[in-house]
Amino acid sequence: MSDREVVVTGMGLVSPLGHGVEENWTRLRGLKTGILQQRHDDLPACFCYAGTVEPLASPSVPASLAAQVKFLNRGAVLGLTAAHEAMAQVRDGAQVVPAASRALFIASGDFSKIGYEFLYAATEEEAASRR
C-alpha cells in the first residue's frame, strides 16, 4: 500500500435527514432536504429555515467511559453516533493496513448554540440583491 492510498472502511452519518447513511441516502434520493421553515417573529425571513436532528439515544460507549458521556456537547454526541455506525461497518480486510497508518476521522458540527448576528448583514445584502 502506498502512502497516498486511502481506504474507507465505514461511514456514519447523522443529519436532519435521518440517523444513518442508509436513511440519509434514501431521503436524499426522495428529494428531501431535512430543512424546514420555522417562523420566528424576532428573526429576518432569511434566518427562518433550519434542519433539526431528531433526539438521539445515548451513544454506546464502554462501561468505563459511560460516566463521561454527560460531559459531551451535542456536536460530540452527533459525531460519536456517526463514528459508531462507521466502526460497525469495518471489515476484517482493514487489518491489512498497518496500525501506524490507520486513522479515524470524525467531522461534526452543531451551530445551534452560536450567535448568527455577525452573518445577518452579509446574508441580508445577498438576499436583497436577488429580489
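Where is the place of Phe-105? Phe-105 sits in the loop between α2 and α3 (117-129).

## Basis of the model

This is a predicted model: local features need pLDDT of at least 70, side-chain atom pairs count only at pLDDT 80 or more, and totals for chains, interfaces and linings use all residues. Residues are numbered from 1 along each chain as its sequence is written, and side-chain values use heavy atoms, with hydrogens and water left out.

## Overall layout

The chain has three helices and four strands. Their order along the sequence is β-β-α-β-β-α-α. Helices (H or I, at least four residues) and strands (E, at least two) are DSSP runs, numbered from the N terminus.

Of the 131 residues in the chain, 15% are buried. Buried means under 20% relative accessible area, exposed means over 50%, and partly exposed lies in between (1.4 Å probe, protein chains only). The chain exposes about 10500 Å², and carbon and sulfur atoms supply 58% of that area. Accessible areas come from the Shrake-Rupley method with a 1.4 Å probe; for residues, only the protein chains shown count as cover. Take the contacts between residues at least 6 apart in sequence: 47% of them join residues at least 24 apart. Contact means heavy atoms within 4.5 Å.

The term requires a side-chain nitrogen of Lys or Arg within 4 Å of a carboxyl oxygen of Asp or Glu. Glu-23 pairs with Arg-27, and their closest N and O atoms are 3.0 Å apart. Both lie in helix α1 (residues 21-29), four residues apart, so about one helical turn separates them. Side chains of opposite charge can pair when their charged atoms come close. Glu-23 is partly exposed, at 31% relative accessibility. Arg-27 is also partly exposed, with a relative accessible area of 33%.

Asn-24 belongs to helix α1. This residue is buried, with a relative accessible area of 4%. A polar atom of its side chain lies 2.9 Å from the backbone oxygen of Gly-18. Leaving aside neighbours within four places in sequence, Asn-24 is in contact with Leu-13, Ser-15, Leu-17, Gly-18 and His-19.

Ser-15 is part of strand β1. Ser-15 is buried too, at 15% relative accessibility. The side chains of Ser-15 and Asn-24 make a polar contact (2.3 Å). Such a contact is a pair of N or O atoms within 3.5 Å; within protein, one must be able to donate a hydrogen and the other to accept it, and residues adjacent in sequence count only if both atoms are side-chain atoms. Not counting residues up to four places away in sequence, Ser-15 touches Asn-24 and Val-53.

## Helix α2

Helix α2 (residues 74-88) has 15 residues. At 1.5 Å a residue it should span 21 Å, and its end C-alpha atoms are 21 Å apart, which agrees. The expected span is 1.5 Å times one less than the number of residues. Gly-75, Val-77, Leu-78, Gly-79, Ala-82, Ala-83 and Ala-86 are buried in α2. The buried residues of α2 pack against β1 (14-15).

## Exposed residues

Phe-105 is exposed, at 73% relative accessibility. Its C-alpha atom is 9.7 Å from that of Gly-79, 26 residues away along the chain.

Val-8 lies in the segment before β1. Val-8 is exposed, at 61% relative accessibility. Val-6, Val-8 and Met-11 form a nonpolar surface patch with about 340 Å² of accessible area together. Patches are made of residues with over 30% relative accessible area and no salt bridge; like charges are joined within 9 Å, nonpolar side chains (Val, Leu, Ile, Met, Phe, Trp, Tyr) within 5 Å.
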